[in-house]
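Trainee: Before we go through this entry, I would like each label set against its criterion.
Mentor: Then ask what makes each label apply.

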Amino acid sequence: MFASKSRKIAALLSLSLTAGLLLTANPAIAAKKSKPVTLQFWNYWDGENGKALSTLVAQFNKSHRGIIVKPVTFPWGDLLPKIQSAIAAGTTPALAATDIAWMANLHQSGKLLDLGAALGGKKKSIKKVTGDIYPQLLTYSMYKGKLQSLPASTNNLALFYNKDLFRRAGLNPNNPPQTWAEMRADALKISQLGGGIQGMEIYTQPGEGLTWQFQPYLWQTGAGFLNKSNTAPTFNSDAGRKALQFLVDLINVDKSATAGQWGAFDKGAAGMRIDGSWMVSGYRQNAPFEFGTAMLPSPDGVSRATNMGGEQIMAFKGNKARNAAAATFIKWFTSTSVQAKWDVATNFMPTRASVASSTTMLRHLVNEPALNAFVNQQKYAQARPAIAQYPAVSDAFSKALEPAFYGTTSVADALAAADAAVRKALAGS
Amino acid sequence: MRSRQARTAYLLIAPVFLLFLAFTVYPLLWSAQISLTSWDGLNAVKKFVGLQNYSHLLRDPEFLQSFRVTVIYSVSVTLISTVLGFGLAFLLQRRHRSAAFYRTVFFSPVVTATVAAAVVWQLIFDPFAGPINVGLRAIGIAGPGWLGDPHWALVAVSIVGIWKRIGFAMVIFSAGLSSLPTSCFEAAALDGATGWRLMRYITIPLLRPITALVLITGLIDSVQVFDHIFIMTNGGPLGSTNVLSLYLYNQGFKIFHLGYASAVGWVLFGIVLAATIMQWQFKKGTEK
């Protein structure tokens with residue numbers, strides 16, 4: 001008797017579990033639609049940036065009745081796979097902010113909301129929305145004539161240097177290198193301090209990190225990366241070889257840099273490194289040394305170039321109410337006043353001329369002088385090719401270059417191999 | 001009555017079975033379908049390319065290198081951790097009061113979060129401030145770049161793999177050793193066998209099924225290695241630690257070759273399946 005009763009209970013429990021599973025698979029049955037529109041906002045802004053976002057979003061939620069934005073933060077490497085599976089499962093969030101390097105692929109998904117139409121339609125309104133946003137940044141926003149995303153932030157690469165190590169090596173800590181020759185000489189002097197200290201830390205691990213760190217050198221020598229129509233590589237030239245040879249010589253001739261792991265500069269074990277403005281606040285708080293920043297040294301001190309990074313904000317198509325609410329948030333988030341607050345809190349660079357010249361921003365630059373190098377350089381920032389094959393191109397390029405840093409391949413052979421690999425990636429095979 | 005019992009049984013396994021269908025069978029079949037396309041994981045169109053991804057695999061030097069790295073990693077980690085696990089189990093089989101303590105110590109890596117452990121190991125292998133190189137520098141030796149050195153990176157990540165696995169092998173061998181029939185040992189002792197001879201002719205042969213279990217589960221486990229290598233080297237330098245699962249991940253989620261990555265996944269599945277069949281066959285063989 002008892003056994004059969006307990007079996008019945010178990011069966012019932014099991015049945016309800018099964019039913020529960022089936023029900024939760026269909027959210028429409030599980031939860032009735034409630035009135036205020038809740039928008040999930042997927043991003044990878046963590047730490048200080050995440051806190052800044054939460055503060056801004058709280059302000060938005062307070063001032064916009066009927067819309068609740070909920071930021072959801074993933075690690076950088078997880079965000080895109082999450083979006084991929086959300087697209088496949090039809091469970092995309094209302095909003096997302098992602099790396100500009102992924103935009104070409106996201107545009108092709110057919111799931112992004114046409115912001116031009118959502119914010120009022122017709123071409124005139126696109127201009128009204130984009131306003132004084134820097135046109136370079138908008139190359140990542142348009143797809144087949146439609147505005148499908150907007151710049152949420154931007155940044156670029158400058159030179160970070162360790163003033164303590166400069167002093168110890170007998171260098172002037174207030175006179176960072178301007179040219180490649182000066183950078184090479186300074187790096188050599190610092191590495192001669194010994195004890196495993198590198199003069200210059202170079203990013204040699206394959207992937208977009210290597211490519212994006214190396215591209216400024218290619219732009220500075222005039223070699224470029226891809227041609228204007230993004231159909232063929234241009235780096236396999238004398239100018240390209242000069243750029244790569246410069247870094248390879250630091251490693252293999254001067255021994256002032258090492259191929260391998262990244263992170264020596266953070267520990268005070270490297271004199272210089274190229275990195276983005278987002279590192280400024282972290283170093284200000286945690287670096288075990290005094291640091292400075294400078295515009296990227298160039299071959300002759302004149303031909304400036306840096307790489308442009310950043311995020312774009314977009315909405316995934318949903319129902320009418322969700323689309324309208326998402327568009328409202330995007331418009332608000334990309335507006336001059338909000339962007340100024342955002343940049344001050346995160347040390348990202350302005351996406352609009354009006355943000356750059358705002359008093360909020362100007363005051364911030366006085367408080368954080370290390371940002372000046374980045375701001376002064378923004379006009380030299382170049383955009384990476386906004387094409388769907390770019391991730392594969394960048395991967396192939398970096399993998400072909402890596403052996404040159406280890407001295408197992410010559411610079412000429414590495415670039416020739418990169419040329420062939422990039423052509424293949426562009427062809428999509 | 002029987003059919004009622006059967007009905008109850010089906011009902012009881014239904015929740016798990018549903019989850020299994022939704023989260024294992026369906027994705028598996030879906031990935032088989034994707035492996036026949038050139039889909040990037042985002043595009044609205046999934047272009048069918050037949051078996052092209054699979055034929056490309058065989059000609060892709062990066063895949064072949066990745067395959068080689070996986071074989072070297074799996075074989076060395078499995079063999080070394082099995083031998084060391086057996087050694088520890090043997091040393092700890094006597095009922096010292098401290099044996100339980102040491103067993104816990106050696107088992108703790110198995111239950112330590114891999115990502116956290118990987119971060120700590122990264123610090124240990126740090127060429128500048130890591131204790132290994134600091135120690136070597138103190139005695140006048142310039143240590144290698146470890147995770148940044150193509151000759152040492154695979155050694156370093158294998159050490160972590162072994163460290164993580166020894167405890168499991170030790171526990172299984174401990175259980176095996178304690179269940180061995182004492183009569184065999186007594187008989188052998190009467191015949192004058194001692195020490196190494198007992199080990200060679202009695203202990204090791206009797207432990208054959210256990211050894212096979214440890215070896216094959218070790219192989220299945222290490223072929224699929226991902227997390228600590230992802231954290232420590234991300235497959236580099238020069239692809240020297242680029243194991244198959246990492247290669248798959250990078251193809252699918254970094255450069256958007258999801259169709260191709262699915263094909264890699266099926267190759268990985270094939271390897272694990274082969275190992276599992278081997279285990280079954282062996283089990284059948286020893287049961288006869």
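Trainee: Which elements of chain A do the buried residues of helix 15 pack against?
Mentor: This is a predicted model. In it, the buried residues of helix 15 of chain A pack against helix 3 (47-63), strand 6 (150-162), helix 16 (353-356) and helix 17 (359-367) of chain A. Helix 15 spans residues 336-346, and its buried residues are A:Thr336, A:Gln339, A:Ala340, A:Trp342, A:Asp343, A:Val344 and A:Thr346. The residue following helix 15 of chain A is A:Asn347, with a positive phi near 65°.

Trainee: Why is A:Ser191 called buried?
Mentor: The cut-off is 20 or more other C-beta atoms within 10 Å. A:Ser191 has 23 C-beta neighbours inside 10 Å, so A:Ser191 counts as buried. A:Ser191 is found in helix 10 (residues 180-191) of chain A.

Trainee: What does A:Ser191 touch, leaving out residues up to four places away in sequence?
Mentor: A:Ser191 touches A:Ile197, A:Gln198, A:Gly199, A:Lys255 and A:Ser256. A:Val422 is 231 residues from A:Ser191 in sequence, and their C-alpha atoms are 34 Å apart in space.

Trainee: Why is B:Arg165 called buried?
Mentor: The same test is applied: 20 or more other C-beta atoms within 10 Å. B:Arg165 has 24 of them within 10 Å, so B:Arg165 is buried. B:Arg165 lies in helix 7 (residues 153-178) of chain B. Not counting residues up to four places away in sequence, B:Arg165 touches B:Val77, B:Ser81 and B:Gly218. B:Trp152 is 13 residues from B:Arg165 along the chain, with 20 Å between the two C-alpha atoms.

Trainee: How do you know that helix 3 and helix 10 of chain B meet, and which residues do so?
Mentor: The criterion for contact is C-beta atoms within 7 Å. On the helix 3 side, B:Thr70, B:Tyr73, B:Ser74, B:Val77, B:Thr78, B:Ser81, B:Thr82 and B:Gly85 take part. On the helix 10 side they meet B:Thr211, B:Val214, B:Leu215, B:Gly218, B:Leu219, B:Ser222 and B:Val223. By class, this contact has six nonpolar, nine polar and no charged residues.

Trainee: What angle and what distance between axes describe the packing of helix 3 and helix 10 of chain B?
Mentor: Helix 3 (residues 61-91) and helix 10 (residues 208-223) of chain B pack at about 145°, with their axes 9 Å apart. The crossing of these two helices is right-handed.

Trainee: What makes a set of residues the largest nonpolar core here, and which members touch the most others?
Mentor: Members have to be buried residues of the nonpolar core types, joined through C-beta atoms within 7 Å. The largest such core has 168 residues, and A:Leu39, A:Ala315 and A:Ala326 touch the most other members. Helix 7 of chain B gives the most to this core, with twelve residues. From chain A, domain 1 (37-155 + 310-382) and domain 2 (156-308 + 385-426) each contribute at least three residues to this core.

Trainee: Which residues is A:Ala315 in contact with, its neighbours within four places in sequence aside?
Mentor: A:Ala315 is in contact with A:Ala94, A:Leu95, A:Leu113, A:Leu115, A:Asn323, A:Ala326, A:Ala327 and A:Ile330. There is also a second, separate core of five residues, including A:Ala340 and A:Val344.

Trainee: How many residues of domain 1 and domain 2 of chain A are in contact?
Mentor: 27 residues of domain 1 are in contact with 24 residues of domain 2. Helix 18 of chain A supplies the largest share of the domain 1 side, four residues. That side divides into twelve nonpolar, 13 polar and two charged residues. The centres of the two domains, taken over C-alpha atoms, are 28 Å apart.

Trainee: How many residues of chain A and chain B are in contact with each other?
Mentor: 34 residues of chain A are in contact with 28 residues of chain B. Helix 1 of chain A gives the largest share of the chain A side, eight residues. By class, the chain A side has 17 nonpolar, 13 polar and four charged residues.

Notes
Residues numbered from 1 in each chain as written. Chains lettered and ligands numbered in written order. Predicted model: local features only at pLDDT ≥ 70, side-chain atom pairs only at ≥ 80, totals over all residues. Buried ≥ 20, exposed ≤ 12 C-beta atoms within 10 Å, placed from the backbone. Contact = placed C-beta atoms within 7 Å. Axes fitted to C-alpha atoms, helices over the stretch in contact; angles between N-to-C directions. Left-handed = near helix turned anticlockwise from the far one by under 90°. Nonpolar A, V, L, I, M, F, W, Y, C, P; charged D, E, K, R; others polar. Domains from an automatic or database assignment.
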